[in-house]
Amino acid sequence: MTTTVVAAGYGGPEVLTTTTEVLPEPGPGQVRVKVRAIGVNPVDHKVYSGFMSADPARLPLRLGSEASGVVDALGDGVTTVAIGDEVIAYRASGAYTTDLVVSESALTRKPDALGWEEAAGLMLTGATAWHALVASGAQAGDTVLVHGGAGGVGQMVLQLARLWGIGVVATAGERNQGLLRELGATPISYGAGLLERARSAAPGGYAAALDLVGTDEAIEVSLALLPAERVVSVAAFRRAGDGITLIGGGPAADPGTELRNAARAELAGIAGRGELVVTIDRTYPLAEARAAHDYLRAGHAHGKVILLP
């Protein structure tokens, strides 16, 4: 048998429930993974909140998109992995489960040096950060402004930028500015006076701005510093009319599917060498998914929230 967390309706974490089902078998081109850890992300709440769709025909909703685990069954035609392989599954629909069936194309080898929890929290934030930096057009020697440097994606952006030789000025609250310094960025506070602080922090100007928070302040300050096309946002979809570059899963955004898929092996390699750190904030048992979502929605997480089957 397999245990799965689903959303029985649309709403808050109270709609999440645990079900028990017959152990699934992989079909042609598919692999079954015995899950060791599951990444929890804000987009998971958007799925069951009704923000994207509230069609009752879609219920119950399977949640999650990233996990780590061990291959324990193969469908016909699978050639890239074998039973016993340790893998990371990303863009793996329904990852909130003990036994995950996915296409073999959704799997990346897990480096031996990377823990299960870190592996489960690597790909969504890592691939988003990779996409944002590439979309910005910034090159080694440039400086970029990052709004929301202490969040999950922000921490990945800062680390990748440092590896790529790109300077970063990043916003954060006072308590997180030490973290930004540790990751190689120049921290500045958001709020009144942000434009002046941003200009002072980079007298030579910015090559691009990366908005990871979606606030009007982030977009307006960025547009005051740069042409619209040099402002990349993963969240400000309602500002599409400003001509900014939108990426991710929102309306009119570039999903960057090929680019993000191509980045997976690179991200795993860098993380496996210890050059890219996945910060784990808290872990919860799979059965306590409601509590994990309550914590994530409270906005206090300073790293990844992970579910453990």
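This is a predicted model: local features need pLDDT of at least 70, side-chain atom pairs count only at pLDDT 80 or more; totals for chains, interfaces and linings use all residues.
Residues are numbered from 1 along each chain as its sequence is written, and side-chain values use heavy atoms, with hydrogens and water left out. Local features need pLDDT of at least 70, side-chain atom pairs count only at pLDDT 80 or more, and totals for chains, interfaces and linings use all residues.

Six strands form an open sheet in the order β11-β10-β9-β12-β13-β14, with parallel pairing. Strands are DSSP runs of E, at least two residues long, and helices are runs of H or I, at least four; both are numbered from the N terminus. Pairing requires at least two DSSP bridges between two strands. β11 and β14 are the edge strands, each pairing on one side only. Strand β12 (residues 208-211) pairs with β13 in the parallel sense over three bridges. Ala209 stands opposite Val231 in β13.

Helix α4 (residues 152-163) packs on the sheet and touches β9, β10 and β12 (contact: heavy atoms within 4.5 Å). Its direction makes about 165° with that of β10. Angles run from 0 to 180 degrees between N-to-C directions, with axes fitted to C-alpha atoms, for helices over the stretch in contact. α7 also packs on the sheet, touching β9, β12 and β13. The direction of α7 makes about 160° with that of β9.

Arg239 lies in the loop between β13 (231-233) and β14 (245-246). Arg239 is buried, at a relative accessible area of 13%. Buried means under 20%, exposed over 50%, and partly exposed in between (1.4 Å probe, protein chains only). Not counting residues up to four places away in sequence, Arg239 touches Asp216, Ile219, Glu220, Leu223 and Ile244.
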